[in-house]
Each structure stands twice: as C-alpha cells, then as structure tokens.
Amino acid sequence: MTPRNRQRPVLHLLASCAAVVLMMFVGMLVLTSAMMTSPRALDPGTDEITDFGVVQFMLGMLVLLTLPWYRRLPSLLLAVGAANAVIVQADPYVLAVGLAVWIARCRQRWHWAVAGAGFAAILVNAAIHLSALQHWPDEDYQRTGQLLVAALTMICLGLVLGISFWARQRRSAEQAKVQAQAAQHSAGELTDELTRQRERHDLAREVHDTLASRLSGLSLQVGSLEKTTQRGETEQLDEALRTTRSYADQALLDLRTLLTSLREGGVAPSAPAKAPAGAQDLQDLFDDSTATGLEIRPYILLDGYSSAPAALQRAVFRITQEALTNALRHSADRAVSVRIGGDPQRGMSLEFSNRSTGQSQFAGGSGTGLVGVRERAELLGGSAEAHQGDDQFTLRVRLPWASPEPSGDHPAAPS
C-alpha cells in the first residue's frame with residue numbers, strides 16, 4: 001500500500017467525524033430555536049427556560065447523540081427522531097437526517113411507507129409549533145414565528161427530498177458503472193476465448209494442409225513401394241525409396257515448423273514461413289505429385305502472379321496441394337486435370353477434376369480437406385464448391401486478386 005493509499009482511510013475518518021460534529025452543532029441550534037416557539041418551554045414574561053424546557057432540551061441532546069449512526073442505523077434515527085418530534089414536541093432535525101438516508105436506500109414498498117410516515121411526523125411537528133405560537137402574548141412574535149416555522153418546514157422537506165434523491169442517483173450511477181465494467185470484463189474474456197478458439201481452428205487447418213498432406217503422400221508412397229518390392233522391380237526401387245525419404249523429410253520439416261509456431265504462441269504471423277515464389281511453387285508442387293505417381297494435365301494461364309499478394313499465393317498453393325492430394329487418394333486412374341488462371345483484373349480461378357469411382361482405396365482421410373479449402377477461400381473473400389458426378393469429381397475455387405493481407409485475427413499460413 002502506498003503512503004497516499006494509507007492516508008485515505010484516515011482522511012475519510014476525519015471527514016466523517018467533522019460531518020457528525022457539524023450536524024450535532026446544527027442540531028443544537030435547531031433544538032434551541034424549536035424551544036422558543038412554546039410558552040411551556042420558555043416563559044414569555046421572563047424569557048427563562050421552564051422545567052419542561054429543561055427536560056425537553058435534555059431529551060433533545062440525547063436524541064442528537066444518535067447522529068453518529070446515521071449511516072449504519074437510519075431506522076434508529078427515524079424512530080428516535082419521530083418520538084422527539086411528536087411526543088417530546090422538540091424539533092424534527094434528527095428525524096430529517098434519518099429520513100434522507102432512509103429514502104436513499106428505499107427498495108421495497110414498506111420502505112416507502114415508513115418514509116411517508118416520517119414526512120407526516122415532520123408535518124405534525126410543524127403543526128404543534130404553529131399551535132404553540134398562538135399562545136404567545138406578543139402578536140408580532142406569533143406571526144414572525146409562524147412564518148419561520150412554515151419556511152423552515154418547507155426547507156426541511158426540500159432538503160430531505162433533494163439530498164435523498166441525489167444520493168439515489170449517485171448510487172445508481174455507481175452501480176451502472178460497476179455493471180458496465182463487469183460487462184466490459186466479460187466481453188474481454190469472450191474475445192480472448194474466441195481468439196484462442198480461432199487460433200486452434202487455424203492451427204488445425206495448418207496441420208491438415210501441411211503435415212497431414214505430407215503423411216498422406218508418404219502413406220501412398222509406402223504402398224507403392226510395397227507393390228514395387230513385391231513385383232521385384234529392383235531398378236525402380238531406389239527411386240521409390242528416394243521419394244519416400246523426401247516425403248518423410250518434408251513431413252519432419254512441416255512438423256518442426258508447426259512446433260516452432262506453437263512455442264511462439266500459436267500460428268502467428270511471426271511463425272517461420274517461406275516467402276511465396278509465384279508460379280515456381282506450383283511447379284514444385286506438380287513435380288512432387290508427379291513423383292508419387294499422379295498424372296497431372298495442367299492448363300495454367302497467369303498474368304503477374306509473382307507480384308500477387310502473398311496471402312493469395314499461399315491460398316492458391318494450399319488449395320492446389322489439397323486438390324492434388326485428394327486426386328491421388330481418390331481418383332480412379334491417378335490422373336487429374338488442373339486449370340489455373342488469373343490476373344489482377346479478373347482474380348484467380350482454379351478447377352480440378354478427376355475420375356472418381358466413389359470407392360477410395362485410401363482409408364486415412366479425415367474428410368476435412370474440402371472444409372479447409374472452403375475456409376481458405378472465404379477468408380480471402382472467395383468461394384469454393386465441389387461437385388460429385390457419376391464418375392467425375394470437380395472442385396472449383398474463385399479468389400479475388402486484390403485481397404488484403406490477412407489481419408492479425410487471421411494469421412498468415414506458413415508455406
């Protein structure tokens with residue numbers, strides 16, 4: 001706790017004590033003034049206090065001693081103040097103080113009923129003093145006293161209402177502020193949770209598009225290697241082994257990249273990512289797929305693709321990679337037609353089609369590849385649709401060219 005914070009409770013206590021002392025001082029003045037309205041308390045002839053006045057004054061002073069509890073026990077001030085105002089016929093000062101605090105905290109109907117009774121006691125006390133003034137022999141004193149009593153009663157009622165409703169408004173504002181802060185805190189927690197969920201979603205897509213794709217190719221290549229060994233084609237065995245090792249090395253590299261991304265706090269823009277190389281990336285992808293035994297029939301027509309946004313190039317690469325992997329898994333003849341075209345004016349269009357028997361020999365698919373393709377297209381403002389005919393599967397994707405780089409909410413995918 002800083003020295004300034006340690007001083008606050010002391011200052012608050014001193015301010016509360018000063019307020020109570022001030023209220024008691026004012027109460028004594030009001031009590032003295034109230035006694036001047038009744039001939040029973042003050043002798044009109046000698047201006048000396050009577051025995052009844054002494055008792056009334058002593059009781060009034062005892063009532064003032066309840067003021068230090070005006071915040072904790074406003075009901076005590078209401079009860080004692082009402083008795084002092086109506087039964088002792090002194091002043092309604094303590095009653096007014098307790099009433100102001102009581103109204104500021106009113107919540108239920110019976111609270112307001114008690115408050116109404118308090119106002120009635122103040123009016124009864126005013127009537128008592130007005131009646132007492134009529135017994136004074138001096139008429140000028142009577143009229144002046146009656147005017148003062150009426151004015152002070154109105155001022156008292158106004159202060160009670162004004163202070164109590166000001167306190168209610170202040171409390172309502174503080175509660176609204178607390179609720180707003182709680183809502184802001186909840187919104188922040190919800191935003192953090194959505195961010196973590198989106199990061200997990202992005203990470204799952206990256207694992208599927210990189211590591212899962214490599215492992216799928218590796219699985220298919222091992223199957224091809226097994227068949228080559230069974231056929232005894234030893235001259236092709238070395239090439240098949242090199243291809244298998246290449247897939248294993250690429251899968252290991254993808255795994256290291258993903259682990260590095262996780263250590264750095266998710267798939268963030270700072271994650272190690274190879275800069276897109278334009279059409280060369282597609283050519284390397286075609287070469288890798290061809291090495292696994294996939295026949296590619298490409299039709300590529302691109303204009304200015306090397307200068308296209310990096311996010312667009314990464315999306316084209318990943319979508320093409322996923323489409324070729326699907327063709328390798330599910331095509332009936334291990335052949336796929338690829339049409340990729342685009343320029344800055346028309347955007348990008350990709351189409352992949354292959355024969356499909358509807359029965360795949362590959363059992364390791366998770367069924368999320370097309371979902372990932374659609375998500376990548378939609379992140380850039382594009383679209384993707386897949387069509388399964390009698391014996392033909394077609395995947396069409398359209399991407400806007402001038403799509404902005406993904407914001408921090410959607411981190412760039414490592415290539």
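## A loop residue with positive phi

Arg334 sits in the loop between H9 and E2. Helices (H or I, at least four residues) and strands (E, at least two) are DSSP runs, numbered from the N terminus. Phi of Arg334 is near 55°, a positive value in a residue other than glycine. Most residues other than glycine have a negative phi. Arg334 counts as partly exposed because its relative accessibility is 29%. Buried means under 20% relative accessible area, exposed over 50%, partly exposed in between (1.4 Å probe, protein chains only).

This is a predicted model, where local features need pLDDT of at least 70 and side-chain atom pairs count only at pLDDT 80 or more, while totals for chains, interfaces and linings use all residues. Residues are numbered from 1 along each chain as its sequence is written, and side-chain values use heavy atoms, without hydrogens and water.

## A second such residue

Asp47 lies in the loop between helix H1 (3-35) and helix H2 (51-64). Its phi is near 60°, again positive in a residue other than glycine. Asp47 has 55% relative accessibility, so Asp47 counts as exposed.

## The strands

Strand E2 covers residues 335-343. Seven of its nine residues are buried. E2 runs parallel to strand E1 (residues 295-302), and eight bridges join them. DSSP must find at least two bridges for two strands to pair. Leu301 stands opposite Gly341 in E2.

## H6 and H9

H6 (residues 139-231) passes H9 (residues 310-330) in a left-handed crossing. Here the near helix is turned anticlockwise from the far one by less than a right angle; clockwise would be right-handed.

How values were computed:
Axes are lines fitted to C-alpha atoms, for helices over the stretch in contact, and angles run from 0 to 180 degrees between N-to-C directions.
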